Amino acid sequence: METQEAVSEGPGPHRHFICASFNQDTTSLSVGTKAGYRLFSVTAVDKLDCVHEGVECPDVYIVERLFSSSLVVVVSLSMPRRMNVYHFKKGTEICNYSYSNNILSVKLNRQRLVVCLEESIYIHNIRDMKLLKTLLNTPVNPTGLCALSVNHGNSYLAYPGSATIGEITVYDANNLSTVTLIQAHDSPLAALTFNASGTKLASASEKGTVIRVFSVPEGQKLFEFRRGMKRYVSISSLSFSADAQFLCASSNTETVHIFKLEQHSPSQEEESPTWSAYVGKMFTAASTYLPTHVSDMMHQDRAFATVRLNMFGLKNICALATIQKLPRLLVASSEGYLYVYNVDPQDGGECVLVQKHRLFESGEEQEEEKEEENQEDGPQQPAGQSYAATVALPSTPPSSTTLMGYSEDGGAQRGEVIPEHEFAEGPICLDDENEFPPVSNQSN
């Protein structure tokens with residue numbers, strides 16, 4: 001499932017890339033770097049192929065690839081209000097849009113392209129990049145938190161419905177209408193993700209102790225998982241497995257948790273009269289007399305499987321994937337590595353590290369470290385700042401010579417379209433296998 005988070009918060013040699021994201025079916029990893037961006041194939045355990053390296057613009061802090069196609073969306077620190085859409089196999093720009101404020105996140109599926117700003121959301125039709133809808137005056141969303149379902153048949157969009165509590169707005173990006181509001185947490189939201197079919201939505205709050213899963217579109221709570229009680233953490237990513245049987249969560253701690261989505265039937269407890277089952281019944285009976293927050297704690301499930309990372313405090317993103325027919329956990333860390341773990345779907349427990357891939361050549365790391373040493377006494381480069389600090393910077397408006405004016409629907413500016421695409425007789429083919437509807441490029 002698509003997962004994105006800025007991961008450039010480590011000091012010194014750990015700052016190798018600015019952002020990282022997995023594509024919608026976890027077959028590709030995209031990373032934004034000081035020099036541009038890179039796209040990797042993650043379909044094999046033993047090798048990590050760099051399928052493309054883009055140098056069109058430096059300091060890329062958002063890069064999103066549409067499945068395994070040639071469509072890639074890029075946003076740079078040098079022009080944080082402008083979204084560039086590229087066909088990387090042809091080496092051409094399809095189009096660009098500029099917005100009224102800095103772009104904080106971009107989400108894609110085969111029907112829609114969603115751009116999230118701090119107080120507004122723009123929904124484009126991905127076939128021709130036409131702006132379909134602008135959601136203005138949305139609650140303040142400083143991290144650009146939102147999620148778009150991969151299943152383009154429903155195209156549900158989830159974003160914070162409040163800046164002070166954990167309310168989720170679920171919006172139908174196909175029919176352009178609000179579906180439901182979910183009261184998910186007491187504190188503001190920190191993470192959101194849909195399962196592959198768009199029937200489940202997972203969320204976590206800023207406290208990071210409890211993760212909840214809701215049905216879509218009804219908004220009913222299905223599962224509740226406790227990540228921990230001892231300390232609040234910052235959850236950086238949530239991701240379902242393709243079959244929605246598992247959900248993984250990573251944070252700024254050294255532990256990645258994997259939860260199993262299974263209902264515990266009373267009949268199973270009766271058939272196994274064990275001591276734990278007896279204690280469980282006692283707790284269930286007692287919970288009816290206890291305060292709500294205490295009884296809720298008793299009904300929360302702990303992690304089914306875990307991973308202990310050899311790092312602490314570094315940003316990372318995680319995803320569950322089936323690679324070479326086996327379930328794997330992928331963790332991309334800001335230190336510049338992709339870790340691959342085996343997951344036991346039957347017994348869970350501690351996951352085993354099977355491969356560690358370097359995302360950058362050792363020569364590049366040395367060059368970057370030398371560059372950092374030379375800049376110690378000078379001003380810090382934007383790429384060295386945290387994601388939140390980066391997007392808070394005042395942006396430089398794009399050159400008016402590249403813009404054709406405002407669209408009729410709320411503030412997005414359409415950039416120049418390369419004539420090759422604008423006047424093409426047929427649709428633009430983004431992928432040789434035709435795995436999804438082709439994108440045609442027409443003027444608004």
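**Notes on the model**

This is a predicted model, in which local features need pLDDT of at least 70 and side-chain atom pairs count only at pLDDT 80 or more, while totals for chains, interfaces and linings use all residues. Residues are numbered from 1 along each chain as its sequence is written, and side-chain values use heavy atoms, with hydrogens and water left out.

1. The structure holds zero disulfides (a disulfide being a pair of cysteine sulfur atoms within 2.5 Å). The sulfur of Cys-146 has its closest cysteine sulfur in Cys-116, at 4.5 Å, which is too far for a bond; for Cys-351 the closest is in Cys-248, at 9.8 Å, again too far.

2. Cys-146 is buried, at 5% relative accessible area (buried means under 20%, exposed over 50%, partly exposed in between, with a 1.4 Å probe and protein chains only). Cys-351 is also buried, at 9%.

3. There are seven aromatic pairs (rings of Phe, Tyr and Trp, the last by its six-membered ring, with centres within 6.5 Å; planes under 30 degrees apart are stacked, over 60 edge-to-face, the rest tilted). Among them, Phe-17 and Phe-360 are stacked, with centres 6.0 Å apart and planes at 20°. This pair links distant parts of the chain, 343 residues apart, and both Phe-17 and Phe-360 are buried.

4. Tyr-337 and Tyr-339 form a tilted pair, 6.2 Å centre to centre with 45° between the planes, and both are buried. Lys-356 lies over the face of Tyr-337, 4.3 Å from the ring centre (NZ of Lys or CZ of Arg within 6 Å of the centre and within 35 degrees of the ring normal).

How values were computed: Helix = DSSP H or I, 4+ residues; strand = E, 2+ residues; numbered from the N terminus.
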